[in-house]
Amino acid sequence: MGHSGPPRTGAPHPLFEVELNLAAKGSRESAQTLYRELEAAILEGRLLAGARLPPARKSEAYFGVSRNTAVAVYDRLVNEGYVVTRHGSGTFVAERPTPAVRLEPLGKSFPARRLNSFWLDPAVTAAMGFWRDRPERSPATRHARSVDFRPALVDPRLFPFDVFRRVSARQLRGLERRPASYKSPQGNQGNFYLREAITKHIALTRAVVCQPDDVLVTSGAQQAFDLLARALVTRDETVVAIEDPGYPPMRVAFAAAGARLVPVGVDGEGLIVAHLPRDVGVICVCPSHQFPLGMTMSARRRKALVEFARTTGAVIVEDDYDGEFRYDASPLEALRTTGDADIVFYVGTFSKCMLSALRMGFIVVPEWAMQTLVAAKNCLDWHCSTPLQGGVAEFIAGGHLARHVRRMRQIYQQRRQLLLSFLGAELGEWLEPIPSCYGMHVAAVARTSLDLEHVTEALLRHNVKMHTFSRYFVGPQTRTGLIFGYGAADLSEMKQGLSALRKVLQK
């Protein structure tokens, strides 16, 4: 028996390096063996849909069979639906369901022996996939565009891809002239190009004053939380306070590092500082726009939080995920001010003001912690993509981000006004919005006893996606309500989804 491999000729050929146990050259079983091996490779997923098979004229080099034999085998695979032919292009594996390969059971103890049990916990899986919903569409709406009210989403239809493509291409041309080597894990380019741009952006939009050397560029906010957990947590010792309800993936990062998590409630002024444990080491908050309830931490409560942290020796992780978008008043300063720069780690992201697919974020780091966080970043991925950092830097430096944010503020303001008007006029019998001045979503508390899980399941059948408060609590649920994200749905889609909600509530 032989096996297939790259052809022995120097002519161009498709990349085909799937191991096949073929009959010896000249064997009468050559055709049957080749068919059986290709069929098995397709069914087992070693040859994926769309993969190109070698041309029949080169079958001698690939399979050790004649062209006529290969044509006959390919014809049989076509007739049985395994492959398709495209005139002038070749023969390709067809789109078809691939049966799961049955493996011998390894015993119930195998996962516990080989995998970290933390990641086997269903609660961890649910927290990391908190935005997912079961597909509950009716046949009539299965192919329609969803009305998506889930929070933390943006509408990619509104992003200026043409501008970003242009500035990114300019950066790539620069890399052609000066090929990149490994860069600082703190952020690319020795001249701090992206970090300089970040400092100017957050000074303008959030009144955060810092220097490029204070900034660590990360692969989104989630990597920022992971790095902070690695650097600040001593396993089974460090107490980390989290807002409850709060952002599930943040708490997973600290739990994975071995922190002792303490959920702390929120009220109309934000995190209840009086409920913080005295032995807390890290306090995680969203002071500008609490996630998911949306209230802004009052100036009185902010002062109390900073004083508590200084008294107890704790540090604060400030998650400012959508602070660029404020509507009703002059912006409040971030917790991270010049006077408190030594105890506040300020986490920002471009997922909301640009695109979540960019996976680009940053931490403004106290000087005493930067070396440790850089080492942790080294351990993970050394540094973020140099071309992507360059594109984002030029997008900011060229004024394109500021223009995009101004435009999106106007669009979100219109969506927000529509939502609040509908909540007051059409849904006031059931829901009361929580006052909020920032962000891309509004939370509304249920006025009466409602089974809101049943409501959101019914909405899925109307092609409307919406979250209740329940998935954001880690402790006992203290209130019920719905979250209305307006980042991904336009005005017409919002009207459609809100009307569907009214009909469901009326029933």
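Me: Take the contacts between residues at least 6 apart in sequence: what share joins residues at least 24 apart?
Reply: This is a predicted model, where local features need pLDDT of at least 70, side-chain atom pairs count only at pLDDT 80 or more, and totals for chains, interfaces and linings use all residues. Residues are numbered from 1 along each chain as its sequence is written, and side-chain values use heavy atoms, leaving out hydrogens and water. A contact means heavy atoms within 4.5 Å. For the contacts you ask about, the share is 71%.

Me: How many helices and strands are there in the protein?
Reply: Both are DSSP runs numbered from the N terminus: helices are H or I with at least four residues, strands are E with at least two. By that rule, the protein has 15 helices and 18 strands.

Me: C210: buried or exposed?
Reply: Buried means under 20% relative accessible area, exposed over 50%, and partly exposed in between (1.4 Å probe, protein chains only). C210 has a relative accessibility of 11%, so it counts as buried.

Me: And C379: buried or exposed?
Reply: Its relative accessibility is 61%. That's over the 50% mark, so C379 counts as exposed.

Me: How many disulfides turn up in the whole structure?
Reply: To count, a pair of cysteine sulfur atoms has to lie within 2.5 Å. Searching the whole structure gives a total of zero.

Me: How do α7 and α12 sit: parallel, perpendicular or oblique?
Reply: Axes are lines fitted to C-alpha atoms, for helices over the stretch in contact, with angles from 0 to 180 degrees between N-to-C directions. Those of α7 (residues 193-206) and α12 (residues 386-397) come within 9 Å and cross at roughly 40°. Under 35 degrees is roughly parallel, over 145 roughly antiparallel, 65 to 115 roughly perpendicular and the rest oblique. So α7 is, relative to α12, oblique.

Me: Is S351 buried or exposed?
Reply: S351 lies in the loop between β12 (344-349) and β13 (361-364). Leaving out neighbours within four places in sequence, S351 contacts V154, S356, R359 and M360. Its relative accessible area is 5%, so S351 is buried.
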